[in-house]
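Open your viewer and get ready to click along with me. We will go from one selection to the next and look at what sits at each stop.

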Amino acid sequence: MMRETRLWSLHLLAIPLILVLLGMHFALMHYAPVFYGMSVEEARSFEVMIERGRSIAQFVLYILLLAAGLYHGFYGLRGILRELPLTPVLSRVVDVGILVFGLLIFALGTYVTWWTFSYRIGG
Amino acid sequence: MNMAVKNTTPRDITFRVRRFDPDSDAAPFWQEYKLNVTEGMTVLEALHELKAHQAPTLAWRSSCRMGVCGSCGMFINELPQLACQTQVLHLGTDVVSVAPLPNYPNVKDLVPNLEPLIEKHAAIKPFVIHPNSPEVEEPTGEFLQTPEEREAFSQFTYCIKCGLCLAACPTVATDPLFLGPQALAQAYRYTADNRDCGLQERLVAIDAFHGPYQCHLAGACSQACPKGVDPALGIQLLKRTLVLDSIGFGKKKSAVARVSPLADVVKAIEEFAPPPRTVTQ
């Protein structure tokens, strides 16, 4: 079993990673007029999003943001749930349940990002 | 320091004492007593007065009467304090509530069951662990420690195991399995000791979910400590030690003790010359 120190350290390390990646996400989506000279509506249009999604850099950015966000959030949720007066069996259920649920959401997010990355306009 | 001016005029004080006898009471209840309190009287002395004249069955635990043994921890006016160090008139209220320490099972009246404290303390192996067993069992010399090395953990050695910090801790209140400030600060005290090589043996207890990462940083433990120890700081220092160890940057300690042969010590004592006299007879 992984040492709690490593799990906690990753929880903290995820914070600066999220800040940087979220900043890039904001630059791409919400501050497009500032950084790309296009309106927010244009930046959010299907064609532009698909075009951007085909970039390997954006693919990596969103997979990393997904992983960091999910890890940070679910580790925090585990901390809250495990503080409840649980039996050892229920504590284990919380640990495994959160791990499985987190991996499922990560798989779904990865699938969506991959779908966008590999989408070809016009089939 | 609390600089508020207290009314230390001798007067009648009402003591609200939480009573509970598991043999006869279904649940704890509050009982009031009046006592004329003079300046300097501690809560412990007041309890002795009450027991002598008004409440002969009142039970509590105490011993040294001078803040050394840590036996008389109580919840006085909603704060965990040592009864022998708390002067009644300095509390500044005409009604003083006295209850057993929270976060512990109640044995009787003001007597808490301190087993959780002792069990958690024992779990972190509160002793210097050294792999050089023959030297530990049958010493041939001294394990050296410089004043600077001692200073690294000195304040944590002042812990008297009174348990006030656990009673004050909001995390222990919601998570009874949390090791708590006393045990974690002591884990740091021994881990930081240059003679100790026992971090890996302690990891089972401290590098776990209910270890230092559950601390909510309330700092109530440090406020409650009657000896001025800062367990909250100890927990943060323990975190740093664990993180550095987990990434391979932990303090490397020699498995071989820096033993000064006893013969050298004896020689040094023999060679010791007192400073020259400054006063002539």
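## Stop 1: Arg3(A) and its two partners

Select Arg3(A) to begin: with a relative accessible area of 16%, this residue counts as buried, because buried means under 20%. Keep in mind as you look around that this is a predicted model.

Next, show Asp245(B). Like Arg3(A), Asp245(B) is buried.

## Stop 2: the rest of the A–B interface

Zoom out until both chains are in view. How many salt bridges are found across the interface of chain A and chain B? There are two. Eight residue pairs are in polar contact across this interface, counting pairs with both residues at pLDDT 80 or more. On the side of chain A that touches chain B, the elements giving two or more residues are α1 and α5 (56-82). Of these, α1(A) gives the most, with five residues.

The size of an interface is often given as the accessible area lost when the parts come together. For chain A and chain B, that buried area is about 1200 Å², with 52% of it on carbon and sulfur atoms. In terms of residues, the contact takes 10 from chain A and 15 from chain B.

## Stop 3: a salt-bridge network in chain A

Select Glu4(A), Arg78(A), Arg82(A) and Asp95(A), which are linked in a network of salt bridges. Within this group, the side chains of Arg78(A) and Asp95(A) meet at 2.8 Å, N to O. The two residues are 17 apart, Arg78(A) in helix α5 and Asp95(A) in helix α6 (residues 88-118) of chain A. Are Arg78(A) and Asp95(A) buried or exposed? Both are buried.

## Stop 4

Switch to a surface view and colour Leu22(A), Phe26(A), Tyr31(A), Val34(A), Phe35(A) and Tyr36(A). Together these residues make a nonpolar surface patch of about 640 Å². Helices α1 (4-29) and α2 (32-35) of chain A each supply at least two of its residues. Click on Val34(A), which is in helix α2. With a relative accessible area of 62%, Val34(A) is exposed.

## Stop 5: a look at chain B

Finish with chain B, which holds 11 helices and nine strands. Its C-alpha trace spans about 65 × 65 × 35 Å along the principal axes. Of its 281 residues, 44% are buried.

Two loops deserve a click. Asn77(B), in the loop between β3 (73-76) and β4 (79-82), has a positive phi near 50 degrees, although the residue is not a glycine. Asn103(B), in the loop between β5 (95-99) and β6 (106-108), has a positive phi of about 70 degrees and is not a glycine either. At 27% relative accessible area, Asn103(B) is partly exposed.

Key. Residues are numbered from 1 along each chain as its sequence is written. Chains are lettered from A and ligands numbered from 1 in the order in which they are written. Side-chain values use heavy atoms; hydrogens and water are left out. Patches are made of residues with over 30% relative accessible area and no salt bridge: like charges are joined within 9 Å, nonpolar side chains (Val, Leu, Ile, Met, Phe, Trp, Tyr) within 5 Å. Accessible areas come from the Shrake-Rupley method with a 1.4 Å probe; for residues, only the protein chains shown count as cover. A salt bridge is a side-chain nitrogen of Lys or Arg within 4 Å of a carboxyl oxygen of Asp or Glu. Helices (H or I, at least four residues) and strands (E, at least two) are DSSP runs, numbered from the N terminus. Buried means under 20% relative accessible area, exposed over 50%, partly exposed in between (1.4 Å probe, protein chains only). Contact means heavy atoms within 4.5 Å. Buried area is the accessible area (1.4 Å probe) that two parts lose on being put together, summed over both. A polar contact is a pair of N or O atoms within 3.5 Å; within protein, one must be able to donate a hydrogen and the other to accept it, and residues adjacent in sequence count only if both atoms are side-chain atoms.
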